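Dear colleague,

Please find the structure below, handed over for your review.

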There are 2 protein chains.
Amino acid sequence: MDIQELVRGLKTPNDSKIVMLVADGLGGLPLEPGGATELETAKTPHLDALARRGVCGSMYPIARGVTPGSGPGHLGLFGYDPVKYLIGRGALEATGVGFKLTDADVAVRCNFCTLDAKGNITDRRAGRIPTEKSAPLAAKLRQVKISGVEVFVEPVKEHRFVVVFRARGLGGNVTDTDPQCTGTPPLEPVALDSNSRKTLEVAKQFLEQAGGLLAGEPKANGLTMRGFSAKPDVPTYEEVYGLRAAAIAVYPMYKGLAQLVGMEIVGEPNTLEEEIDVLEQAFNEYDFFFVHFKYTDSRGEDGDFDAKVTMTEAFDAVVPRVEALRPTVLIVTGDHSTPAKLRSHSWHPVPTLLVADDSRGDPCEVFGETAALGGALGHFSAVELMPLALAHAGRLGKFGA
Amino acid sequence: MDIQELVRGLKTPNDSKIVMLVADGLGGLPLEPGGATELETAKTPHLDALARRGVCGSMYPIARGVTPGSGPGHLGLFGYDPVKYLIGRGALEATGVGFKLTDADVAVRCNFCTLDAKGNITDRRAGRIPTEKSAPLAAKLRQVKISGVEVFVEPVKEHRFVVVFRARGLGGNVTDTDPQCTGTPPLEPVALDSNSRKTLEVAKQFLEQAGGLLAGEPKANGLTMRGFSAKPDVPTYEEVYGLRAAAIAVYPMYKGLAQLVGMEIVGEPNTLEEEIDVLEQAFNEYDFFFVHFKYTDSRGEDGDFDAKVTMTEAFDAVVPRVEALRPTVLIVTGDHSTPAKLRSHSWHPVPTLLVADDSRGDPCEVFGETAALGGALGHFSAVELMPLALAHAGRLGKFGA
């Protein structure tokens with residue numbers, strides 16, 4: 001059963017407000033057997049109070065045992081089957097810098113790199129060249145001209161930039177040129193289907209001309225291409241759920257993901273506090289709010305347990321401001337777990353809570369991984385979260401007579 | 001995976017007896033946060049004793065967040081994927097009054113209504129005309145003659161009746177004529193696919209002739225048509241499970257649903273006590289018994305928490321009589337939740353219990369929504385209930401060698 005398809009036919013508009021607070025990488029692991037996770041260690045009085053008022057559960061982003069990337073993790077949270085809707089990294093990166101992809105586009109993530117005299121890569125990130133230097137270089141690459149193809153080059157950050165090719169008949173199935181190691185030249189790209197042969201030719205021309213334009217650079221004298229991808233065909237939040245949705249995030253990737261499902265990017269916040277400012281300001285204008293908090297994931301990736309605890313407490317601290325807006329449904333979750341112990345995303349389920357007047361209640365007294373195991377939401381899939389949100393918001397009609 | 005298909009290949013006959021007691025709309029909500037639901041408030045010593053003996057769980061009729069109508073709710077309980085097997089309201093209503101649909105039939109729910117001199121509806125239910133008056137009127141409509149089509153008209157209750165058209169080539173995809181409001185005339189029906197064009201012509205002829213026959217009536221001088229539907233193609237309980245199944249219900253809708261899956265309607269009980277009388281009398285004749293209790297749902301729909309508690313206690317009171325029959329498997333569940341707080345069906349899971357000699361046991365000491373969260377059946381889908389029933393009855397062989 002495609003739950004989203006089912007829900008789509010039942011949607012019923014009303015004036016409710018749904019807020020989804022996403023603490024990236026929220027779930028964790030104890031450092032020692034029998035210990036507490038980062039979330040269980042953190043002092044989170046406001047989240048604990050929400051857990052007492054609402055219902056908790058243990059959420060699987062994709063499937064048991066599967067560790068999600070940020071793309072699939074968020075798509076699942078948004079209710080889109082992440083295995084059905086595959087979003088290429090290039091498309092994600094382009095959307096993340098505010099580039100509006102069309103159906104004629106293929107987007108590619110690119111890295112500036114350093115090549116030695118033989119053409120071998122000596123630094124895959126061109127010495128992490130600062131954005132002030134890399135952005136003008138990326139702009140310089142706009143000089144590349146390819147007959148019959150529009151070429152867009154957009155700086156991202158440090159050594160990263162995005163290239164978008166626009167023409168009829170471009171497939172997205174071309175292999176990466178980044179060899180993922182130094183001491184060898186960039187790989188030759190390969191077209192994996194006949195639809196992508198034209199893309200391959202275009203990419204080769206780009207690489208050749210760009211190579212010439214970068215030749216004199218001290219550090220960024222080469223580039224690699226990764227994640228070739230066409231625009232994914234994803235229905236919007238408005239189409240599927242009837243929701244005018246706002247995304248509030250600091251980082252481009254999460255803005256990009258939200259934009260792909262038709263959310264509007266609201267504000268330009270730089271901190272969690274500013275994100276809540278934006279939420280307050282935009283609260284009357286939208287039905288649904290995705291608020292993304294990055295640093296629980298970042299400190300987990302650093303392997304810094306204590307710092308992740310501190311970030312979790314910072315996240316807890318803004319909860320009263322969100323509650324003061326009296327959303328009809330308030331959800332707190334993550335796109336995946338990032339245990340400091342593992343220094344990476346993991347497959348462990350994500351503790352999740354939902355607060356609404358018509359939730360049934362459960363025995364959870366605190367918000368944490370262990371408590372959530374006995375919660376009323378049970379053990380569930382991320383794609384089931386939006387139907388629950390809509391139901392508790394009174395936005396789903398009855399199925400069948 | 002289609003669980004029913006899997007089970008179908010494993011069925012193994014024996015002499016076991018399975019009783020499924022369905023308290024319609026059983027699940028509820030507390031009136032205040034942290035309070036008890038209707039079921040948790042009710043004094044249910046017999047159900048609690050069953051919970052201690054057996055296993056409990058939290059059952060989702062369709063999917064998380066989805067509120068089922070009575071049709072899908074019961075189909076799920078019977079083990080039929082309610083999203084795959086869609087039963088139109090007309091087909092349901094016809095079956096509910098004992099009309100045996102054939103593959104050549106399209107059934108339509110009709111309402112008598114009151115029209116003013118301009119043909120606008122002034123009362124969509126003809127003043128809720130009593131059955132004594134409406135039944136003869138429905139019978140009068142049997143005078144309608146349509147060339148090449150058999151027309152059946154069956155009274156239901158008050159303003160409601162059913163029309164069945166029987167002919168080759170009738171599709172069921174025609175829109176309702178009930179505008180769902182007063183002050184306008186009935187809508188023109190529209191055929192939504194080419195298979196249904198003939199049905200549309202037949203319906204128009206029926207409406208015209210019926211209009212003439214009703215013209216002089218003081219209240220029921222018009223009619224509306226809703227829920228056009230062909231007979232759904234559903235395999236029977238005997239085919240799927242190898243069960244001779246009996247349905248014991250007071251209300252036509254539930255008899256109709258049971259009949260669609262091949263259950264036999266047994267007895268003509270008018271009360272729960274009489275339903276148990278019928279169960280006792282028929283106990284040797286069948287393998288499976290569906291016993292439907294309506295009033296938990298009715299009082300929930302009324303928004304009367306205390307009355308739903310009372311009805312739950314009345315339901316509990318007959319449990320010893322069922323236990324005395326010593327069924328191999330006894331199940332107590334509902335087709336959906338109907339919290340008095342919401343005055344309607346809801347998406348909340350349904351507390352469910354199963355008692356059998358070979359159930360494993362769990363920590364549940366009472367039968368209630370919160371206790372069921374920690375039960376051995378876990379959080380499960382309605383379509384998983386029949387496989388569990390069959391397994392505990394020793395009626396499922398091993399899958400694979």
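A:F290 is buried, because 27 other C-beta atoms lie within 10 Å; a residue counts as buried if 20 or more other C-beta atoms lie within 10 Å of its own, as exposed if 12 or fewer do, and as partly exposed in between, with C-beta atoms placed from the backbone. This is a predicted model, in which local features need pLDDT of at least 70 and side-chain atom pairs count only at pLDDT 80 or more, while totals for chains, interfaces and linings use all residues. Residues are numbered from 1 along each chain as its sequence is written, and chains are lettered from A and ligands numbered from 1 in the order in which they are written.

A:F290 belongs to strand 10 (residues 288-293) of chain A; strands (E, at least two residues) and helices (H or I, at least four) are DSSP runs, numbered from the N terminus. Leaving aside residues up to four places away in sequence, A:F290 touches A:M20, A:V22, A:A245, A:A247, A:I248, A:A258 and A:M263; contact requires C-beta atoms, placed from the backbone, within 7 Å.

In chain B, six of the six residues of strand 2 (residues 55-60) are buried. B:V55, B:G57 and B:M59 point one way from this strand, and B:C56, B:S58 and B:Y60 the other way.

Strand 2 of chain B pairs with strand 12 (residues 350-356) of chain B in the antiparallel sense over five bridges; pairing requires that DSSP finds at least two bridges between two strands. Strand 2 of chain B also pairs with strand 13 (residues 378-381) of chain B, in the parallel sense over four bridges. B:S58 has B:P351 as its bridge partner in strand 12 of chain B and stands opposite B:H379 in strand 13 of chain B.

Terms used:
Two residues are in contact if their C-beta atoms, placed from the backbone, lie within 7 Å.
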